[in-house]
Amino acid sequence: MLKIAVLGDIHTLLDAEDVQRLNESDYHLVLICGDLPGRSHKQTVSIARILSGLRRPSLLIPGNHDATSVLQLLGEITGSQRLKRGDSGSIAKMQRRVQELQEALGPVRLGGYSIHSFRKKKGWQEQSEGADLDIICARPHSMGGPGIGFKPYIEATFGVSDDSVSAAKIRALLESSRAKQRIILAHNGPLGLGAKPADIWGCDFDASRGDFGDADLSLALESSVRPSAVIAGHMHHALKGGGQRVWHVERDGIHYVNAARVPRIFDRNGKKQRHHVRIELDSEGVAVHEILW
């Protein structure tokens, strides 16, 4: 059995005690869904340096807050093409911030349109053939909803100009896998799992926007090669206006997990609670558990 810890959107709430507990746990892998900071790149690097203390094989896909600027985020939120496009140096600046994030993470891998092969007895390996598990990282820095978030950077860095190109890139990675099992790691989940605010990736901050999943990820999942699970975050469990979203759905043999319990560290009845999701994966299937340490 493979035992995997999943950290959802961190948003500054991670410390040395989390790292120590994970290092002392029975987990084989740690997967992180992104959004390390509150707003600033300085916070992103600070949390990344804490994560660098992980001694379990670990993998992060960056979210919309990771290595992006406030102006870029404002452009994505408002739809301003001028702010999205930025000046001629904006792409290079984001590429430099991504590099700084990778350096701060130390041994923690940074994913995005990438495949990472894992063998329980050997850790990361270069070849998918013979691996116990392949983790396919989808599009990084997703904003959710229609279109490609941070498109100037994504197009310049990965050659991805629209959802169909992105879907083909993710699908090709999925279909190249020769491991015993596969998991897709994304920042935001796929389109098609519900349009109500409380659905796993439904839009709670504007109900008229309905299903806020990623179309490219949904298209990629039309492949004949099926993952055991799709793990993401982005859409927080606590809904605007009250209530909680569904965070785990099983459909057509795939487990969809939204790990974005925000805040992930909180007080309950005077005791500090630390949230993560535990996934157990073996030949019999997938078990998903919400864990509060």
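**Exercise 1.** Work out how many bridges join β9 to β11 and in which sense the two strands run.

*Solution.* Begin with the terms: helices (H or I, at least four residues) and strands (E, at least two) are DSSP runs numbered from the N terminus, and two strands pair if DSSP finds at least two bridges between them. With these terms, β9 and β11 are joined by four bridges and run parallel. At the level of residues, Val230 is found opposite Tyr256 in β11.

The model is a predicted one, in which local features need pLDDT of at least 70 and side-chain atom pairs count only at pLDDT 80 or more, while totals for chains, interfaces and linings use all residues. Residues are numbered from 1 along each chain as its sequence is written, and side-chain values use heavy atoms, with hydrogens and water left out.

**Exercise 2.** Describe how β10 is joined to β11.

*Solution.* First, β10 and β11 run antiparallel and are joined by four bridges; here Val249 stands opposite Tyr256 in β11. Next, the hairpin of these strands has two residues between them, and Asp252 takes a positive phi near 50 degrees.

**Exercise 3.** Decide whether the residues of β11 are buried or exposed.

*Solution.* Buried means under 20% relative accessible area, exposed over 50%, and partly exposed in between (1.4 Å probe, protein chains only). Five of the five residues of β11 (residues 254–258) are buried, so this strand is largely enclosed by the rest of the structure. Ile254, Tyr256 and Asn258 point one way, whereas His255 and Val257 point the other way.
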